[in-house]
Amino acid sequence: MSEHVWEVFRQERRGQPFEHAGSVVAPDADFAEAWAREQYGRRGESVALWLVPRDAIRDVEDWADEFDLKYRRVDGYSIKARLKEARELAAESAARSRGAFSAGESQ
Amino acid sequence: MSPTDALLGIADDELVLGWRESEWTGIAPLLEEDVAFSSIAQNEIGHARALYQLLSEDADALAFDRPPGEYRCAPLVELRLLDWAHTIARRWLYETADEIRLGALKDDPDPEVAGLAAKIDREEAYHRMHAEMWHERLRDEPRFREAVEELWPYAVGLLPEQLRAELAARTGLDLPGDTVLRGKERGSHTDELAELWGEMTMVRRSAPAGAQW
């Protein structure tokens, strides 16, 4: 039998996204379905399956990342660190202005 | 044959076939099929248990405590088949026949029996899908055709006479004569049953009576 790899995605509950569960090696869609049913559905762990021939999947795994474009990424902003910095700055300037005020008063 | 005998026959078929087919676990020709085939074998034993529970308070005793001669299974399910062509030929013939008798049982006047038949049939639908898929693929292979031919009289022997014409119609095979059927119908047993029974009941027989599992 000439065999193909079928990637199996399963849905755990209605409305939830399908997640990759594994694969089966099968000669055609009918065998893939029968085998996937047994491997990914017989314990009631799935409400639906998607079977996708691996050939139908386009792989994308090369990325150009030559420039520092981290501002485009969510993790480019470290809010925590910036908040800490801002708080320290505010506290510092408040202390400074309080210091200047009391110095003026005493004159 | 009383209705109870008929049900016991089906239960014993499912138990013994489930046992026989589980012999492929770990050595089926394809990994995926190994998993699927084992799962089907387990389902058949599950059907046997449900039927035994319908017939007795103690399903285990009914399943394991009879001597081999008192089992009601048909010779078809007792055969120890050592090649895949025969194994799939039996699977296909068995499921085709099983669908016919379950269809009849779904109309049983006892609602409990009819309900259980319907429940079993819903699971058998996937077994049939599996068997049909293999049959489609192997039907023109000489080895498979020979296997079907060889096992055909045994498959006929699985069903009571009134359901046999339907089986012949569904498989497209001709009903064999009485001489061919001799020793292959329910009521006869093969020598292989005693051996299977010995293995199947070994643990239970080795435990003291009343052992809790």
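Mentor: A helix is a DSSP run of H or I with at least four residues, a strand a run of E with at least two, and both are numbered from the N terminus. By that rule, chain A has two helices and three strands. Their order along the sequence is β-β-α-β-α. This is a predicted model, where local features need pLDDT of at least 70 and side-chain atom pairs count only at pLDDT 80 or more, while totals for chains, interfaces and linings use all residues. Residues count from 1 along each chain as its sequence is written, and chains are lettered from A and ligands numbered from 1 in the order written.

Trainee: Which strands stand at the edges, and why?

Mentor: The open sheet has the order β2-β1-β3 in chain A, with antiparallel pairing. β2 (19–26) and β3 (48–53) of chain A each have a single partner strand, so each has one side with no neighbour in the sheet. Neighbouring strands are turned by 30° against each other on average, direction ignored.

Trainee: What packs on this sheet?

Mentor: Helix α1 (residues 29–40) of chain A does, touching β1, β2 and β3 of that chain. Touching is judged by contact: C-beta atoms, placed from the backbone, within 7 Å. The helix direction makes about 130° with that of β2(A). Such angles run from 0 to 180 degrees between N-to-C directions, on axes fitted to C-alpha atoms, for helices over the stretch in contact.

Trainee: Why is Glu132(B) called partly exposed?

Mentor: Count the other C-beta atoms within 10 Å of its own: 20 or more is buried, 12 or fewer exposed, in between partly exposed. Glu132(B) has 15, so it falls in between. This residue sits in helix α6 of chain B. In chain A, 15% of the 107 residues count as buried.

Trainee: What makes a nonpolar core?

Mentor: Buried Ala, Val, Leu, Ile, Met, Phe, Trp, Tyr and Cys residues, joined through C-beta atoms within 7 Å. The largest core has 40 residues, and those touching the most other members include Ala11(B), Leu93(B) and Ala155(B). Helix α7(B) gives the largest share, eight residues. Beyond four places in sequence, Ala155(B) contacts Leu76(B), Leu93(B), Tyr94(B), Ala97(B) and Leu167(B). Another core lies apart, with 14 residues, among them Trp6(A), Ala21(A), Val24(A) and Ala36(A).

Trainee: How do α1(A) and α6(B) pack?

Mentor: At about 145°, with their axes 10 Å apart. Asp30(A), Phe31(A), Ala34(A) and Arg37(A) meet Tyr126(B), Met129(B), His130(B) and Met133(B). Asp, Glu, Lys and Arg count as charged; Ala, Val, Leu, Ile, Met, Phe, Trp, Tyr, Cys and Pro as nonpolar; the others, Gly among them, as polar. So Asp30(A) and Arg37(A) are the charged ones here, and His130(B) is polar.

Trainee: How many residues does each chain give to the contact?

Mentor: Chain B gives eight residues and chain A 11. On the side of chain B, α2 and α6 each supply at least two. That side has five nonpolar, two polar and one charged residues.

Key
Pairing = 2+ DSSP bridges. Contact = placed C-beta atoms within 7 Å.
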